Amino acid sequence: MTKIVHVLNGPNLNLLGKRQPELYGHETLGDVEKLCAETARSLGLVSQFRQSNLEGEIVEQIHAARDTAAGIVINPAAYTHTSVAILDALNAFDGPVIEVHISNVHKRESFRHHSYVSLRADAVIAGCGVQGYALGLQRLATLLQA
Ligand code: DQA
């Protein structure tokens with residue numbers, strides 16, 4: 001049976017392509033969704049792509065993944081650095097979790113150097129642009145085969 005993976009995106013990523021393109025590039029979230037769908041298909045997976053600006057909604061998306069998803073790729077955006085609630089939700093998810101950041105957060109302000117989500121993530125990809133999502137899905141596929 002084809003495995004479903006969830007690709008979750010946090011606040012302000014709906015503005016991708018318009019928001020600070022020097023940091024995040026010119027691709028839109030629609031482009032990223034397409035990239036994820038194509039990459040997942042090539043790996044024999046199906047991706048379900050979501051974005052929310054609301055912390056509680058992301059927590060609920062992670063809860064929903066408990067029933068439907070084999071793994072999660074998540075770019076929690078600013079909630080990466082603040083959200084114990086998202087960390088707790090991910091800790092209640094059994095499959096592999098890959099954390100993705102478009103920019104290299106370690107090259108940026110010191111408050112971006114800490115990630116609550118990294119305490120749960122099986123891998124962290126940062127600074128690869130939107131290609132990081134494709135790399136995250138590839139890693140997820142490897143972990144799901146193991
Ligand atoms: C981000 C990095 C975060 O620090 C920031 O708040 C974002 C996007 C990234 O993809 O590089 O919104 O997660």
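Reader: How many disulfides does the count come to in this model?

Author: The model is predicted. A disulfide requires a pair of cysteine sulfur atoms within 2.5 Å, and by this rule the count comes to zero. Cys-36 is in no disulfide, its nearest cysteine sulfur being that of Cys-128, 14 Å away.

Reader: In what order do the five strands form the open sheet, and is the pairing parallel or antiparallel?

Author: In general, strands of a sheet pair through backbone hydrogen bonds, in either a parallel or an antiparallel manner. Here the order is E2-E1-E3-E4-E5, with parallel pairing. E2 and E5 are the edge strands, each pairing on one side only. On average, neighbouring strands are turned by 20 degrees against each other, direction ignored. E1 and E3 are joined by five bridges, and His-6 stands opposite Ile-72 in E3.

Reader: Which strands does H2 touch as it packs on the sheet?

Author: H2 touches E1 and E2, and its direction makes about 160 degrees with that of E2. Helix H3 (residues 55-68) also packs on the sheet, touching E1, E2 and E3, at about 175 degrees to the direction of E1.

Reader: Which residues of H5 are buried, and what covers them?

Author: Helix H5 spans residues 131-145 and reaches 22 Å, close to the expected 21 Å. Its buried residues include Gly-132, Tyr-133, Leu-137 and Leu-144. Among the elements covering the buried residues of H5 are helix H2 and strands E1 and E5.

Definitions and conventions. Residues are numbered from 1 along each chain as its sequence is written. This is a predicted model: local features need pLDDT of at least 70, side-chain atom pairs count only at pLDDT 80 or more; totals for chains, interfaces and linings use all residues. Side-chain values use heavy atoms; hydrogens and water are left out. Helices (H or I, at least four residues) and strands (E, at least two) are DSSP runs, numbered from the N terminus. The expected span of a helix is 1.5 Å times one less than its number of residues. Buried means under 20% relative accessible area, exposed over 50%, partly exposed in between (1.4 Å probe, protein chains only). Contact means heavy atoms within 4.5 Å. Two strands pair if DSSP finds at least two bridges between them. Axes are lines fitted to C-alpha atoms, for helices over the stretch in contact, and angles run from 0 to 180 degrees between N-to-C directions.
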